[in-house]
Amino acid sequence: MAYLLFFQIFLFSLIKIAPFSDAWGKEGHFMVCKIAENYLSEKASRAVSDLLPSEAGGDLASVCSWADEVRFRYRWSSPLHFVNTPGVCNFKYSRDCHNSKGETDVCVVGAINNYTAQLQSYGGDSSGNDLSESLMFLAHFVGDVHQPLHAGFAADEGGNTITIHWYRRKSNLHHVWDVNIIETAMKDFYSDDLNSMIEAIQMNITDSWSDEIDQWQTCRSQSVACADKYASESIKQACDYAYKDVEQDSTLGDDYFYSRLPVLEKRIAQAGVRLAAILNVIFCGDSAVSK
Ligand SMILES: *[C@@H]1O[C@H](CO)[C@@H](O)[C@H](O)[C@H]1NC(C)=O
Ligand SMILES: *[C@@H]1O[C@H](CO)[C@@H](O)[C@H](O)[C@H]1NC(C)=O
Ligand SMILES: [Zn+2]
């Protein structure tokens with residue numbers, strides 16, 4: 001009996017550090033969409049409610065991880081969650097945005113452009129696209145592109161093949177940024193309450209980061225979403241923070257956690273504000289988020 005129980009715990013722990021952890025965990029995506037909800041214009045808010053599937057109960061955040069749930073059913077969508085570079089700390093669309101077969105546009109940046117364009121047909125001819133799915137994909141991918149290691153190096157699959165210990169538990173570097181940092185922060189600072197963590201991030205947006213919000217939304221290319229820019233920032237942060245001082249079999253603890261958490265929290269804030277700005281432009285033709 002004890003053996004059986006032990007075996008079950010062992011199996012369970014295997015499942016929890018599943019190898020295909022290629023997505024911000026549910027918590028990360030939920031926070032991004034919750035923050036975005038606060039900044040939607042009335043018109044965008046109405047369009048979003050109209051497009052959400054009934055199981056969302058009117059709440060965008062509740063379907064923010066839908067794209068992860070369908071990535072095996074929709075096998076084609078799996079490479080849309082990330083982009084990799086050939087070991088360099090910058091992003092170039094023409095060089096990097098393709099799948100393993102070399103098909104262009106098949107990466108998270110191409111996907112954001114794709115689903116933005118589809119949603120712009122809202123209210124007109126949607127050309128057979130299911131705009132409800134387009135919205136759920138867009139909301140998810142704007143989150144993904146802000147996770148630094150969703151724009152990582154091809155050779156280590158965005159940190160997935162870098163095995164490390166997160167404190168005393170075995171994990172991998174990608175999973176640390178998807179899940180472990182958020183989990184530890186929730187436990188240490190937010191009494192395991194996701195809403196408190198969202199509130200803390202929200203407070204910073206309206207307070208210490210308020211001067212930066214305009215700049216977060218500025219897009220030099222004049223396109224609705226500036227997905228290239230988000231990916232460029234991510235690979236830079238991957239080099240400066242995520243990969244930095246980490247090797248195969250490193251043990252990461254307090255030093256890493258305390259220095260990287262603020263980086264990650266700010267990424268969540270940026271993703272939320274930008275998602276709202278993108279949706280506001282798509283659905284109203286006007287810009288963005290006011291402070
Ligand atoms: C664009 O969206 C369509 C519909 O979901 C999908 O079939 C196609 O693979 C997408 N392409 C990219 C690059 O996102
Ligand atoms: C709020 O901003 C300060 C200053 O940038 C930072 O040190 C802190 O970690 C931030 N808190 C959250 C919850 O993002
Ligand atoms: Zn994802």
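Student: Is Tyr167 buried, partly exposed or exposed in this predicted model?
Tutor: The model is predicted. A residue is buried with 20 or more other C-beta atoms within 10 Å, and exposed with 12 or fewer. Tyr167 has 13 such atoms within 10 Å, so Tyr167 counts as partly exposed.

Student: Where is Tyr167 found?
Tutor: Most residues other than glycine have a negative phi. Tyr167 has a positive one, near 55°. Tyr167 is found in the loop between β3 and β4 (169-172).

Student: What is the phi of Glu157, a residue that is not a glycine?
Tutor: Glu157 sits in the loop between β2 (151-153) and β3 (163-166). Glu157 has 19 other C-beta atoms within 10 Å, so this residue is partly exposed. Phi of Glu157 is positive, at about 50°.

Student: Is Leu40 buried or exposed?
Tutor: Leu40 lies in the loop between α2 (26-39) and α3 (42-51). Leu40 has 22 C-beta neighbours inside 10 Å. The threshold for burial is 20 or more, so Leu40 is buried.

Student: How many Å apart in space are Leu40 and Leu279, C-alpha to C-alpha?
Tutor: Leu40 touches Ser45, Val48, Ala276, Leu279 and Asn280, leaving aside residues up to four places away in sequence. Leu40 and Leu279 are 239 residues apart in sequence. In space, C-alpha to C-alpha, the separation of Leu40 and Leu279 is 7.3 Å.

Student: At what angle do α7 and α12 pack?
Tutor: Helix α7 covers residues 131-146. The axes of α7 and α12 are 9 Å apart, and the crossing is right-handed. The packing angle is about 145°.

Student: Which residues of α7 meet α12?
Tutor: The α12 side of the contact is Arg267, Gln270, Ala271, Arg274, Leu275 and Ile278. By class, the contact of α7 with α12 has five nonpolar, three polar and two charged residues. On the α7 side, the residues are Ala139, Val142, Gly143 and His146.

Student: How many residues are in the largest nonpolar core?
Tutor: In soluble globular proteins, nonpolar side chains tend to be buried together. Here, the residues with the most contacts inside the largest core are Val108, Ile112, Phe141, Val145 and Ala231. The core has 78 residues.

Student: Which residues does Phe141 touch, not counting those up to four places away in sequence?
Tutor: Phe141 is among the residues with the most contacts inside the largest nonpolar core. With sequence neighbours up to four places away left out, Phe141 touches Leu80, Val108, Ala111, Ile112 and Tyr115.

Student: How many charged residues are in the shell around ligand 1?
Tutor: Trp76, Leu80, Asp105, Val106, Gly110, Ala111, Asn114 and Asn129 surround ligand 1. Four residues of this shell are nonpolar and three are polar. The number of charged residues is one.

Student: Which element gives the largest share of the shell around ligand 2?
Tutor: The shell around ligand 2 is Ala200, Ile201, Asn204, Ser208, Pro262 and Glu265. Two or more of these residues come from each of α9 (194-206) and α12 (254-284). By class, the shell has three nonpolar, two polar and one charged. The largest share, three residues, is from α9.

Student: What percentage of residues in the protein chain is buried?
Tutor: The chain has twelve helices and five strands. Among contacts with a separation of 6 or more, 73% join residues 24 or more positions apart. Of the 291 residues in the chain, the buried share is 43%.

Methods:
Residues numbered from 1 in each chain as written. Chains lettered and ligands numbered in written order. Predicted model: local features only at pLDDT ≥ 70, side-chain atom pairs only at ≥ 80, totals over all residues. Near = placed C-beta within 6 Å. Nonpolar A, V, L, I, M, F, W, Y, C, P; charged D, E, K, R; others polar. Helix = DSSP H or I, 4+ residues; strand = E, 2+ residues; numbered from the N terminus. Axes fitted to C-alpha atoms, helices over the stretch in contact; angles between N-to-C directions. Left-handed = near helix turned anticlockwise from the far one by under 90°. Contact = placed C-beta atoms within 7 Å. Core = buried A, V, L, I, M, F, W, Y, C linked by C-beta atoms within 7 Å.
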